[in-house]
Amino acid sequence: MTPQDQLSKKYGSVFKVYFGPQKFVILAGYKTVKQALVNNAVEFGDRHIHPVGYLLGQALLFANGELWKEMRRFALSNLRDHGMGKKASEEKIIEEIQYLIKVFESHEGKPFNVTKSINYAVSNIISSIIYGSRFDYSDEEFTEMLYNLYPRIFHWASNRMRLVKNIAENQKQIRHLIEQSHETLNAQMCRGFVDSFLAHKQKLEDSGMTESYYTIDVLVPTVGNLFAAGTDTTGTTLRWSLLFMARYPQIQGK
């Protein structure tokens with residue numbers, strides 16, 4: 001029985017707890033959660049934004065209200081257009097695997113840590129969907145971008161000042177890549193998610209709409225969110241898969 005189950009037996013299906021000065025309201029049980037999140041979805045739609053969310057910028061992961069709804073709708077629609085969940089993404093994955101295999105083979109059967117190379121591979125697949133191109137694993141801009149996004153995989157001990165600096169550096173690099181995409185933008189032939197966003201932004205501006213959510217200040221954290229949400233989660237899943245195959249070689253053989 002979980003602590004939540006124990007507390008709900010004593011205090012009912014809705015109760016509050018404090019984590020330090022922060023108050024949390026706990027909803028326990030299927031019926032209570034359904035009533036809140038389905039029957040009263042509008043009232044319970046907003047999410048708590050952690051202070052680090054304001055540093056990262058308002059976009060997909062750290063936003064509420066109409067901005068979040070619009071970016072979520074646009075992201076889902078356009079990511080599918082550029083291969084997410086379709087045959088095209090499988091082709092991108094198969095292409096990237098060839099580069100990953102070369103890295104594995106370069107160790108000539110000796111033990112090595114797969115974390116960086118797998119994260120590079122996953123990030124490249126995301127990059128091909130977002131920017132329409134991949135990076136070489138030794139590309140300084142690429143490795144620096146991942147360092148700033150995932151400092152813990154490089155054994156970095158976190159502190160607030162370093163976090164702020166890394167976020168700023170990461171957003172600076174994303175802006176630079178967006179600028180490069182903008183310079184070569186062909187609105188009729190979008191290469192990836194960033195092109196689609198820029199093309200839609202341009203279309204709105206051409207129609208005379210000067211106030212919208214489609215700004216560079218929204219695009220930068222949106223791109224960062226997409227990399228952050230996909231790289232570490234998928235990379236970790238793949239590393240566990242490798243571990244299980246190594247642990248059970250008979251299954252690996254099949």
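User: Before we start, what does "buried" mean here?
Analyst: A residue is called buried when its relative accessible area is under 20%. Please keep in mind that this is a predicted model.

User: Okay, so is S128 buried or exposed?
Analyst: S128 has a relative accessible area of 12%, and therefore S128 is buried, the cut-off being under 20%.

User: Where is S128 placed?
Analyst: S128 is part of helix α6, which covers residues 115–130.

User: And what lies 2.6 Å from a polar atom of its side chain, I mean the side chain of S128?
Analyst: That is the backbone oxygen of I125.

User: Which residues does S128 touch, not counting those up to four places away in sequence?
Analyst: With those set aside, S128 touches K92, S133 and R191.

User: Let's move to I126. Where is I126 found?
Analyst: I126 is located in helix α6.

User: Why does I126 count as buried?
Analyst: I126 counts as buried because its relative accessibility is 15%, and the limit is under 20%.

User: What is I126 in contact with, leaving aside neighbours within four places in sequence?
Analyst: Apart from such neighbours, the contacts of I126 are L226, F227, G230 and T231.

User: How about P249, what separates its C-alpha atom from that of I126?
Analyst: The two C-alpha atoms are 30 Å apart, while I126 and P249 are 123 residues apart along the chain.

User: New topic: which domains does the domain assignment give?
Analyst: The assignment gives domain 1, residues 1–45, and domain 2, residues 52–253.

User: How far apart do the C-alpha centres of domain 1 and domain 2 lie?
Analyst: Between the C-alpha centres of domain 1 and domain 2 there are 34 Å.

Conventions. Residues numbered from 1 in each chain as written. Predicted model: local features only at pLDDT ≥ 70, side-chain atom pairs only at ≥ 80, totals over all residues. Heavy atoms only, no water. Helix = DSSP H or I, 4+ residues; strand = E, 2+ residues; numbered from the N terminus. Buried < 20%, exposed > 50% of the residue type's maximum accessible area, 1.4 Å probe, protein only. Polar contact = N/O pair within 3.5 Å; in protein donor to acceptor, adjacent residues only side chain to side chain. Contact = heavy atoms within 4.5 Å. Domains from an automatic or database assignment.
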